[in-house]
Amino acid sequence: MAWIYDSEKNESLVSLDHGQKSFGSNQVLKDISFNVRKGEVMAVIGPSGGGKSTLLRCCTLLETLDGGTLSYGDLRVTNLDGSYVSKTVLAQARQRFGLVFQNFNLFPHYTVMQNITEAPLRVQKRDKVAVFAEAKELITKMGLEGKEDFVPCDLSGGQQQRVAIARALAMKPSVLFFDEPTSALDPELTQEVLRVIRNLAEEHMTMVIVTHEMTFARDVADHIIFMDGGVIVEQGPAEQVINDPQHNRTKAFLSKISD
């Protein structure tokens, strides 16, 4: 099986129009709009508390929007007021994306193989032989050969995150979301995980990555949005935003960040 993703960048795979989200009186997302096309990598950067993780949680249906329209390709998930269209549409939307968490979120008593195959078998009801064959390919792809029967506590943090990526890919998502995938890792293990994500980008996997790794964002992303105070302060081609930011707030943020 070839793990090469369609690179044609004219089809929108995920879009948010005028997204809003509040927690009590605190408005965390204020009129956020973006569009991610097939084969594109979008990085989301910005200070802590700027709304990045909330944005990702709303896009992956872990939080409900208060307003705005979220769509996955031709599938509109929310009404204009942010409410979900229907449970059926929600179920369909969840088949279109994968999510990799900061802290791996693996099943602690499942082996590597079980973590990767559980959802394709139980949720997607796919053929067992095909699922295990694809899981073995993903294990090789992630550099985890020989770890099939290990449980998460027997793995390094970098290995656990690579299992989490393989688990997400096993569901064959159209787009993959990463919520600061290296924040729980030391520098050496960070590079292991970033290498895997770079390889996925080279294979034209559509991704949205919340990250604090600025060099990585510049080199891997096609498009960057810089968020602060619940708004998109600046966005554009990755190299331009990182190397030649136009907004003073972006300049101030980047001047304090070093990889």
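Which side chain of opposite charge is nearest to the buried K52, and how many Å away is it? The views below come from a predicted model.

View 1. The nearest side chain of opposite charge is E180, 4.2 Å away. K52 is buried yet has no salt bridge. A polar atom of the K52 side chain does lie 2.9 Å from the backbone oxygen of G46. Beyond its neighbours within four places in sequence, K52 is in contact with V44, I45, G46, P47, E180, V210 and M227.

**View 2. E180, in the loop between β7 (175-179) and α6 (187-202).** E180 is among the contacts of K52. Its relative accessible area is 17%, so E180 counts as buried. The phi of E180 is positive, about 45°, although the residue is not a glycine. Most residues other than glycine have a negative phi.

**View 3. Helix α6 and what covers it.** α6 has 16 residues. From first C-alpha to last, α6 reaches 22 Å, close to the 22 Å expected at 1.5 Å a residue. At the start of α6, a side-chain oxygen of D186 comes within 3.2 Å of the backbone nitrogen of E188. The buried residues of α6 are L189, T190, E192, V193, L194, V196, I197, L200 and A201. An α-helix has 3.6 residues a turn, so residues three or four places apart point the same way. Cover for the buried residues of α6 comes from elements including β3, β7 and β8 (206-210). The helices α4 (128-141), α5 (157-169) and α7 (214-220) are also among the covering elements. After α6 comes H204, with a positive phi near 70°.

**View 4. L61, in the loop between α1 (52-59) and β4 (67-72).** L61 is not a glycine, yet its phi is positive, about 70°. The relative accessibility of L61 is 7%, so this residue counts as buried.

**View 5. G39 beside T206.** G39 sits in the loop between β2 (26-37) and β3 (41-45). In sequence, G39 and T206 are 167 residues apart. G39 is buried, with 4% relative accessible area.

Methods. Residues are numbered from 1 along each chain as its sequence is written. This is a predicted model: local features need pLDDT of at least 70, side-chain atom pairs count only at pLDDT 80 or more; totals for chains, interfaces and linings use all residues. Side-chain values use heavy atoms; hydrogens and water are left out. Helices (H or I, at least four residues) and strands (E, at least two) are DSSP runs, numbered from the N terminus. Buried means under 20% relative accessible area, exposed over 50%, partly exposed in between (1.4 Å probe, protein chains only). The expected span of a helix is 1.5 Å times one less than its number of residues. Contact means heavy atoms within 4.5 Å. A polar contact is a pair of N or O atoms within 3.5 Å; within protein, one must be able to donate a hydrogen and the other to accept it, and residues adjacent in sequence count only if both atoms are side-chain atoms. Lys and Arg count as positive and Asp and Glu as negative; His and the chain ends are not counted. A salt bridge is a side-chain nitrogen of Lys or Arg within 4 Å of a carboxyl oxygen of Asp or Glu.
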